[in-house]
Amino acid sequence: MKMQKYIKIADFCQGHALEESFLYALHEVDLIEIVQVERTPAIRRSQLDRLERLVRLHRDLELGPQALLTVDHLLGRMEALQEEVLELRRRLDRWK
């Protein structure tokens, strides 16, 4: 029952043809959190979208964990700025 909120690292790596060491490297730079569930290393399902984006960036651009940390930070800032622009546009539209 507990495992429903988590994905085993071994299962994720097998499904994405990755070495488990890559996920541990992402964990070392705090890009993902690895937890022990029933004595099995796992990740939360809520991290799945972010992790899959990191895997795509790793494969497409051949980026290592440190570079992924930088790109992830920049993408987060970009998303925050886009949200801010949308909020400012909404406020501006009220005055038109």
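A search of the whole structure, which is a predicted model, finds 6 salt bridges. Start with arginine 44 and glutamate 33. Their side chains meet in a salt bridge, at 2.8 Å from N to O. Arginine 44 lies in strand 3, and glutamate 33 sits in the loop between helix 2 and strand 2 (35-37), so this pair ties together parts that are 11 residues apart in sequence. Arginine 44 has a relative accessibility of 30%, so it counts as partly exposed. Glutamate 33 is partly exposed too, at 40% relative accessibility.

Next comes the pair of glutamate 79 and arginine 53. Their closest N and O atoms are 3.1 Å apart, and they form a salt bridge. The pair links distant parts of the chain: glutamate 79 belongs to helix 4, arginine 53 to helix 3, and they are 26 residues apart. Glutamate 79 is partly exposed, with a relative accessible area of 38%. Arginine 53, at 23% relative accessibility, also counts as partly exposed.

Look at aspartate 72 in helix 4. Is aspartate 72 buried or exposed? Its relative accessibility is 11%, so it counts as buried. Leaving out residues up to four places away in sequence, aspartate 72 touches Leu31, Arg50, Arg53 and Leu54.

The side chains of glutamate 87 and arginine 91 meet at 3.4 Å, N to O. Both residues lie in helix 4, 4 residues apart, about one turn of the helix. An α-helix has 3.6 residues a turn, so residues three or four places apart point the same way. Glutamate 87 is partly exposed, with a relative accessible area of 30%. Arginine 91 is partly exposed as well, at 46% relative accessibility.

Now return to glutamate 33, this time for its backbone. The side chain of glutamine 47 reaches the backbone nitrogen of glutamate 33 at 2.9 Å. Glutamine 47 is placed in the loop between strand 3 (40-44) and helix 3. Its relative accessible area is 14%, so glutamine 47 is buried. Apart from residues up to four places away in sequence, glutamine 47 touches Leu31, Ile32 and Glu33.

Helix 3 comes next. Its 14 residues should span 20 Å at 1.5 Å a residue, and the end C-alpha atoms are 20 Å apart, which agrees. Which residues of helix 3 are buried? They are Leu51, Leu54, Val55 and Leu57. These residues cover an arc of only 160 degrees around the axis, so they sit on the same side of helix 3. On the other side, Asp49, Asp60 and Leu61 are exposed. The buried residues of helix 3 pack against helix 1, helix 2, strand 3 and helix 4 (65-94). Just after helix 3, glutamate 62 takes a positive phi of about 55 degrees.

Helix 2 has its own buried residues: Phe22, Leu23 and Leu26. Seen down the axis, they fall within an arc of 95 degrees, so they line one face of helix 2. The face turned away from that buried side carries the exposed residues Ser21 and Glu28. Helix 1, helix 3 and helix 4 are among the elements that cover the buried residues of helix 2. Aspartate 30 follows helix 2, and its phi is positive, near 65 degrees.

That leads to the nonpolar interior. In soluble globular proteins, nonpolar side chains tend to be buried together. Here the largest nonpolar core has 19 residues, of which Leu23, Leu26, Ile32, Leu51 and Leu68 touch the most other members. Helix 1 (9-16), helix 2 (20-28) and helix 3 (48-61) are the elements that give two or more residues to this core. Helix 3 gives the most, with 4 residues.

Where does leucine 23 make its contacts? Setting aside neighbours within four places in sequence, leucine 23 is in contact with Ile9, Phe12, Cys13, Leu18, Ile32, Ile34 and Leu51.

Notes:
Residues numbered from 1 in each chain as written. Predicted model: local features only at pLDDT ≥ 70, side-chain atom pairs only at ≥ 80, totals over all residues. Heavy atoms only, no water. Core = buried A, V, L, I, M, F, W, Y, C linked by side-chain atoms within 4.5 Å. Buried < 20%, exposed > 50% of the residue type's maximum accessible area, 1.4 Å probe, protein only. Contact = heavy atoms within 4.5 Å. Polar contact = N/O pair within 3.5 Å; in protein donor to acceptor, adjacent residues only side chain to side chain. Expected span 1.5 Å × (residues − 1). Arc of directions from axis to C-beta. Salt bridge = Lys/Arg side-chain N within 4 Å of Asp/Glu carboxyl O.
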